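Okay, everyone, thanks for coming. Let me put today's model on the screen, and then I'll walk you through a few spots in it.

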Amino acid sequence: MAKQNAKTATNSSVKSKSKLPLIIGIIIVIIIAIAAIVLLNPFKAEKTTALLIIENGTVQVDSGQGFKQVESGIKLSQGNKIKTLADSEAKIVFIENSELRLSENTIITLTTLTGNEEKGFNIKAEQENGSTWTQVVQLSGIQSYEITTPTTVATVRGTSFGLNVDEIEGTDL
């Protein structure tokens, strides 16, 4: 009986030892997979955060389904068209306090909002009409910043500038 118990214990020990390399192999594969996700991060957002702050009045956003009135603090996405109504002002805050201020009766579309902290951010907008004031912080991680009007293209890195688009008078920079 004692020999049988010893034999069973030995067989059990051999089975446990034969599973050990398999368990170690699985653990190594899991560690490599986690490291790859952390380093390469295929799920990393390629979108730039743009936050709409309404300073006063009424602001509308068209996300592809017509203009709708919005509340302050919403996140904007690539393709959003923003419109300030009469007696209204708003600002779009990008990363590191770079911002685009919109005066009343302004329409602007965010045509490109891409990038990440490693590659830098790309921001492009089309201003149909109205007045804007832009402040791009130089070391904010913004790789490119561009506003296009019907008659002008303004591309900057680390500066402030204003644009006024009028159907009759054109664009003032």
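Let's start at T84. Leaving out residues up to four places away in sequence, T84 touches T58, V59, A90, L102, S103, E104, N105 and T106, where a contact means heavy atoms within 4.5 Å. Before I go on, a word on what you're looking at: this is a predicted model, so local features need pLDDT of at least 70 and side-chain atom pairs count only at pLDDT 80 or more, while totals for chains, interfaces and linings use all residues. Residues are numbered from 1 along each chain as its sequence is written, and side-chain values use heavy atoms, with hydrogens and water left out.

Back to T84, then. T84 sits in strand β5, residues 81–84. When I say strand or helix, I mean DSSP runs numbered from the N terminus: helices are H or I with at least four residues, strands are E with at least two. So is T84 buried or exposed? T84 counts as buried because its relative accessibility is 1%. The cut-offs go like this: buried is under 20% relative accessible area, exposed is over 50%, and partly exposed is in between, with a 1.4 Å probe and protein chains only.

You'll find N105 in the loop between β7 and β8, the latter being 107–116. N105 has a positive phi of about 55°, although N105 is not a glycine. With a relative accessible area of 41%, N105 is partly exposed. D87 is another one to look at: D87 also isn't a glycine, and its phi is positive, about 55°. D87 is in the loop between β5 and β6, and at 61% relative accessible area D87 is exposed.

Okay, charges. How many salt bridges does a search of the whole structure find? Four. By salt bridge I mean a side-chain nitrogen of Lys or Arg within 4 Å of a carboxyl oxygen of Asp or Glu. One of them joins K81 and E128, at 2.8 Å from N to O. That pair links distant parts of the chain, since K81 is in strand β5 and E128 is in strand β9, residues 120–135, and they are 47 residues apart. K81 is partly exposed at 23% relative accessibility, and E128 is partly exposed too, at 38%.

Next, find E99. The side chain of E99 meets R101 in a salt bridge, 2.8 Å from N to O. E99 is buried, with a relative accessible area of 10%, whereas R101 counts as partly exposed at 29%. And here's how it joins up: salt bridges that share partners put E55, K91, E99 and R101 into one network.

On to the rings. There is one aromatic pair in the structure. The partners are F94 and Y145, and they're edge-to-face, with 6.1 Å centre to centre and 75° between the planes. For the rule here, rings of Phe, Tyr and Trp (its six-membered ring) pair if their centres lie within 6.5 Å; planes under 30 degrees apart are stacked, over 60 are edge-to-face, and the rest are tilted. F94 and Y145 are both buried.

There's another ring to point out, F67. K83 lies over the face of F67, 4.3 Å from the ring centre. For that to count, NZ of Lys or CZ of Arg has to be within 6 Å of the ring centre and within 35 degrees of the ring normal.

I32 is exposed, at 55% relative accessibility. Together with L20, I24 and I28, I32 forms a nonpolar patch on the surface, with about 370 Å² of accessible area in total. Patches take residues with over 30% relative accessible area and no salt bridge, joining like charges within 9 Å and nonpolar side chains (Val, Leu, Ile, Met, Phe, Trp, Tyr) within 5 Å. The accessible areas come from the Shrake-Rupley method with a 1.4 Å probe, and for residues only the protein chains shown count as cover.

Last stop, V165. V165 lies in strand β12, residues 160–166, and is buried at 7% relative accessible area. V165 and N129 are 36 residues apart in sequence, yet 4.6 Å apart in space, C-alpha to C-alpha.
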